[in-house]
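Dear colleague,

Please find the structure below, followed by notes on what was found in it.

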Amino acid sequence: MRGAKPTGCGSPVCLTAHTLFSLLGRRECGRHRAAQKFERCRSYRKSKMKPMITDRKRHLVTAALVAPAGLWLLVFLVLPFMAMVVFSFGERAPEGGYQAAFTFAQFANLPSRAAAFWNTMMIAPVGAFLCLIVAYPVAYYLAIKSDPKYRLVLVSLVVVPFWTSLLVRTYAWMYILGSRGIPNLLGMIGIEDIRLLNTPGAVLLGIVYGYLPLMIMPIYVSLEKLDRRLLEASADLGAKPVSTFFGITLPLSLPGVMTGVALVTILLLGEYLIPQLLGGGKVFFIGNALVDLFLQSRNWPFGSAIAVTLVVVVVIVLSVAMRIAWKVSGSRQVDLV
Amino acid sequence: MTAAPANDIEFRSVTKRYGTVTAVSDINLAVPKGAFVALLGPSGCGKTTCLRMIGGFEQPSEGTVLIDGREMNGVPAYRRPVNMVFQHYALFPHFDVEQNVAYGLKQARPKLAAAEISARAREALEMVRLGGFERRRIHEMSGGQQQRVALARAIVNKPSVLLLDEPLAALDKKLRTAMQIELQTLQRELGITFMLVTHDQEEALSMSDMVCVMNAGRIVQMDRPQDIYDRPADLFVADFVGKTNRISATVEPDGATLRLSNGMALAARSGLRPGAATVALRPEAIDLVRQSNGEGSPLAGIVTHRIFLGSTAEYQISVDGLGDFLVTADRRSMQEGDLVEPGERVALTFDPGKVHVFPA
Amino acid sequence: MTKWYRENAPISAQNLTDEWMRLKRGSVTRRHFLGVTGLGLAAAVLARQPGLFNSAAYAEDLGTTMSLATWPNYHDPATFEAFTAATGVAVEVNVFGSNEEMLAKLQAGGTGWDLFVPTNYTISTYVKLGLIAPLELAKVPAFSQATESARFTTEGAIDGTTYALPKNWGTTGMAVNTSKIKTKLTSWKDFFEVAMTEADGRAMVHDYQLTTIGSALVSLGYSFNSIKPEELAKAEELLIKVKPHLYGINSDYQPGMRATDAWMTMCWTNDGAQLNRDMPEVAYILGADGGEIWTDFYAIPKSAANKPAGYALLDYLMTPENAVKEHIANGAPTTDSRVLALLPADVTSNKIVYPDEASLTKLEFGAAVTLTDPARAELMARFKSA
């Protein structure tokens, strides 16, 4: 088993996967599960022979290594989330902000943002799917078709856009899609007054552009570790390339696909910037609703209720997605990447 | 084509290069129908490349590969009437056992009925004695069982040739021996050509009825297993197939007398090219005689190591003037039916007819 | 145009740079752009007015940075460059699209603003919430109450205590690109009608409940400040009907108008003047049926980290010689007669900046209640998410 180490493979994506899994109550990344079990048995047997002090020392080291991240998560994730839960049962102060109370009114008011939820729940998966359509061929080319000599360079190029802020790159799109950009070029060939900016299409374009690397990388990783002999075996058994792709390559890269889709979908559920800039405030995500609630109407309790609901939705989406991935790709490949 | 071709597989002057490296060099090979052929050689000798050119995973740089008398150049793997058992099996991890076996059947066009696919997959699983394992996941199967799944998957399409790439390499010795017998049985039952790639000479000799020894991209010898062993074509084959003692020698000008480097003269078969030569002698071709009374013998030495193997024993003997010799002695053939102890002096005798002489 | 003005007008002197800066302010780093230090221009200013920085406001230790919260396209970047050159304090400028946004940030705390620009109707709420402190006028010697126009400045003081000093007044009208839209607009009623017809997909409204809801109310014949449920319901109905036809909902509409992505927008005086200056085809029109008249103030948050610098910048901006350049760049009318006297005639005669009194009579100042009224906030949210 390639890359099998007792403590997981340590790749950033895999670490993310571990975090996600721990959210779902699964502790291991499947690729390593068997190896881990084996390693654990072995080290357990070994440790039994050693004096107890070694065991305690090891626990201390583990604690010391986990502590910074644990503290970070506690202070910047757990405590704020708890505050948000508390707020969500409160009331809006007359001039805005939070006023202590215990009421379900905020949750009862959720339907008033149904349109934003609906928009988000529709556009996020569509955006993730479009991203997938564009990302898969790229990842496939990088992992399978590209010359290994240049692969590292090509893969690095995928992440190059991250070197500048998404804000700046999205502004660039505002100018490309604005009247002085593509519509201007179209005007030169006689197609006048085409409006691209501030349309749902512009938002989807921005989403695909902004999230593409996040989709390419996990798919690339899962395709890259795909055993080429499986593809040869498929061809050997008479499968045409298309059948091989749909019968073998795609299912076996599904964990990567699901990671990418889950990653992009989850981030899109909280997206604010792209709809704001490329949708002109007309394409309204739940993220925009949150910004408005906190930054315009200053209704913190309602904003908190929406945020809590969003977290719940994300957890549900994630667990469903992962269960599908586990089912389709077989228990041995159930890791996220 | 009117008459069925006699050969299932034919290589005509096949060369394969990767960049500047020549993996396979000008190979000519004909495998008759129904044969069990082993491609034997050290790693990197080009045997796997040959197999992959038959499978369609590589295209020859020069020359032609024919299957069933048809030229295969440019024909993709999925259109070739051969199937392969891959090294490490390459089973589909996301399918269960039956789905793995049925995969080839599902590719058939026109499509086969689901019931037929299932029936034939189960039939193939029965053939490899895996009935009842249909719904198992691949990772729940042992190495030997996975090997059988790979076999069932490869034979289910009834190929005219079954290619096996180091199929037993991952199994332990006991299982390997059992599988060797099973493969032979299977080949007889199916009556199709088996082509096996292995670096294990024992495997090649025990299973196949034709062994093709390769070295450095070329075929060195192609013969029946016993002929490979008894009449190696060159020193490489003698060395690679079985164990052998090498003695440097000179062929006298008469072309029939050999003089070993310790001065001992041997009458060999005539017609040898005079000059420097290497003599190869199998360990089991040598008999040992105790030399307790110190009588003179042209070939004698002291036993330095002994490996007891039950019915036989292997001795390492430091022969006067010739260095270390390896001798395998049948216990019953020994005087007094006893084992020779390390440190004892022994005389070595052999039938000069069993000596192989290669020009140096 | 006087010679003095020509020499000191930052626009005519550095048209290109200014254009670029405006682009920057309006877009790329709109929330965080840092006031850049420009020593050359500042040195020239210093040379001409040697006594300028000797006043009490600059006596204290001012630190090296301060933060200003204001509106898009609202200042002359040269002002901050000169201020930095004079005091060594770099000004970080944050721009916002609505008073609600400013209030939300201050309520959440930790803004770090040392000076900000609230609009008239919000000041009483800031005072009520204890977010701004009374101003120590002694630290702003350049301010002169006597020369201020009472009409625009009363809301800066509450119960006789001054909390904010006026920056400029202005109106909320509509900017229309007349080369694209041939209909002559005269009212908010026209605005919403044209938005759904001739300007389909090309009209913008503010991301700001006060003006967007207020203008819709006006177009229906109601008060700009109405919080009556049935009137708000009508306004909501209109807005939701218009929404599919809009180009965008954004208070930063200059980029869209300049690129001619948008042909028509709700617009503040200053933006109207700036647009019209660079694109004469963009007309600025006040609603004959009503609309907003407003004054923006300077105030210092209680939470200000660098109050001395806040006062220093305030005093600098209250100095007529500096204020006049701000007004020329910004385009909004002044409340201070000292500044008015210094402004060139082509500015004071500009009907966009100083409209006829008659066109102002129907306009209303925003009412404090609209800022905190939950019904208006929710209406805006429903409109945006519809």
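Chain B exposes about 16,100 Å², with carbon and sulfur atoms supplying 49% of it; accessible areas come from the Shrake-Rupley method with a 1.4 Å probe, and for residues only the protein chains shown count as cover. This is a predicted model, in which local features need pLDDT of at least 70 and side-chain atom pairs count only at pLDDT 80 or more, while totals for chains, interfaces and linings use all residues. Residues are numbered from 1 along each chain as its sequence is written, chains are lettered from A and ligands numbered from 1 in the order in which they are written, and side-chain values use heavy atoms, leaving out hydrogens and water.

Of the 360 residues in chain B, 50% are buried (under 20% relative accessible area; exposed is over 50%, partly exposed in between; 1.4 Å probe, protein chains only). Chain B has 8 helices and 20 strands (DSSP runs, H or I of at least four residues and E of at least two, numbered from the N terminus). Its C-alpha trace spans about 80 × 45 × 40 Å along the principal axes.

On the interface: 23 residues of chain B are in contact with 24 residues of chain A (heavy atoms within 4.5 Å). The two chains bury about 2,100 Å² between them, 61% of it on carbon and sulfur atoms (accessible area, 1.4 Å probe, that two parts lose on being put together, summed over both). In chain B, B:Tyr78, B:His94 and B:Tyr103 lose the most area to chain A, together 29% of what that side buries.

The rule finds 1 salt bridge across this interface (a side-chain nitrogen of Lys or Arg within 4 Å of a carboxyl oxygen of Asp or Glu). B:Arg52 forms a salt bridge with A:Glu232, their closest N and O atoms lying 2.5 Å apart. On the side of chain B that touches chain A, β6 (82-85) and α2 (97-106) of chain B each supply at least two residues; β6(B) gives the most, with 3 residues.

Two further sites follow. A:Leu71, in helix α3 (residues 52-88) of chain A, counts as exposed because its relative accessibility is 55%. C:Thr372, in helix α19 (residues 368-372) of chain C, is buried, with a relative accessible area of 13%. Not counting residues up to four places away in sequence, C:Thr372 touches A:Arg92, A:Pro94, A:Glu95, A:Arg298 and C:Thr125.

Regards
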